Amino acid sequence: MTAHGAAPLIVTAPFGSFTPDQWAALTDLADRLPVRELRMTPWRTVVVPGAGPADRPALAAAGLITDPASPEARLGACIGTPGCASSRTDVRRDAEPRHSTLPTYWSGCERRCGRPAGPHVAVVAQPDGTYRTTTE
């Protein structure tokens with residue numbers, strides 16, 4: 001809670017990566033607020049002090065996740081192709097939530113780079129172009 005009793009606005013970038021346009025939307029918003037700052041967290045989120053519900057639509061339009069309860073907030077993936085030579089496919093293009101409460105993590109190969117340590121649904125690309133899904 002903030003000093004005024006309202007919960008702060010917390011924003012997540014899909015797969016933890018901000019595009020230049022998304023970062024511009026955040027910095028433009030912060031520049032208009034009294035506090036004029038953004039707070040990065042270790043959980044790949046940004047706290048926007050002083051922002052409120054009325055600011056969510058513009059940030060969502062920029063492709064940011066503004067609802068922490070959204071299934072997309074629990075969705076992760078390795079870099080996939082074209083960023084990794086070991087990946088079999090563009091997992092970020094294919095990624096979608098696969099469970100109502102557990103995080104879903106998509107991997108382009110068996111190495112599963114960046115997968116979460118806790119319970120999650122693992123979706124791993126197979127050599128034949130399909131995906132294998134398990135709960136771990």
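This report covers the strands, salt bridges and cysteines of a predicted model.

## Basis

Residues are numbered from 1 along each chain as its sequence is written, and side-chain values use heavy atoms, with hydrogens and water left out. Because the model is predicted, local features need pLDDT of at least 70 and side-chain atom pairs count only at pLDDT 80 or more, while totals for chains, interfaces and linings use all residues.

Helices (H or I, at least four residues) and strands (E, at least two) are DSSP runs, numbered from the N terminus. Two strands pair if DSSP finds at least two bridges between them. Strand 3 (residues 45-48) is covered on both faces. T45 and V47 on one side, and V46 and V48 on the other, are all buried; buried means under 20% relative accessible area, exposed over 50%, and partly exposed in between (1.4 Å probe, protein chains only).

Strand 1 (residues 9-12) pairs with strand 3 in the antiparallel sense over 4 bridges, and T12 stands opposite T45. Strand 2 (residues 39-40) also runs antiparallel to strand 3, joined to strand 3 by 2 bridges. Here R39 stands opposite V47. The hairpin of strand 2 and strand 3 has 4 residues between the strands, and R44 in this hairpin takes a positive phi near 65°.

## Salt bridges

Side chains of opposite charge can pair when their charged atoms come close. A salt bridge is a side-chain nitrogen of Lys or Arg within 4 Å of a carboxyl oxygen of Asp or Glu. The count comes to 6 salt bridges. One of them joins D31 and R36 at 2.4 Å, N to O; D31 is partly exposed at 45% relative accessible area, and R36 is exposed at 55%.

R112 forms a salt bridge with E136, with the closest N and O atoms 2.4 Å apart. This pair links distant parts of the chain: R112 lies in the loop between strand 5 (104-107) and strand 6 (121-125), and E136 in the segment after strand 7 (131-135), 24 residues apart. R112 is buried at 19%, whereas E136 is partly exposed at 37%.

## Cysteines

A disulfide is a pair of cysteine sulfur atoms within 2.5 Å, and the count comes to 0 disulfides. C78 is in no disulfide, as the nearest cysteine sulfur, that of C84, is 6.4 Å away. C78 is buried at 12% relative accessibility.

C109 counts as buried at 11%.
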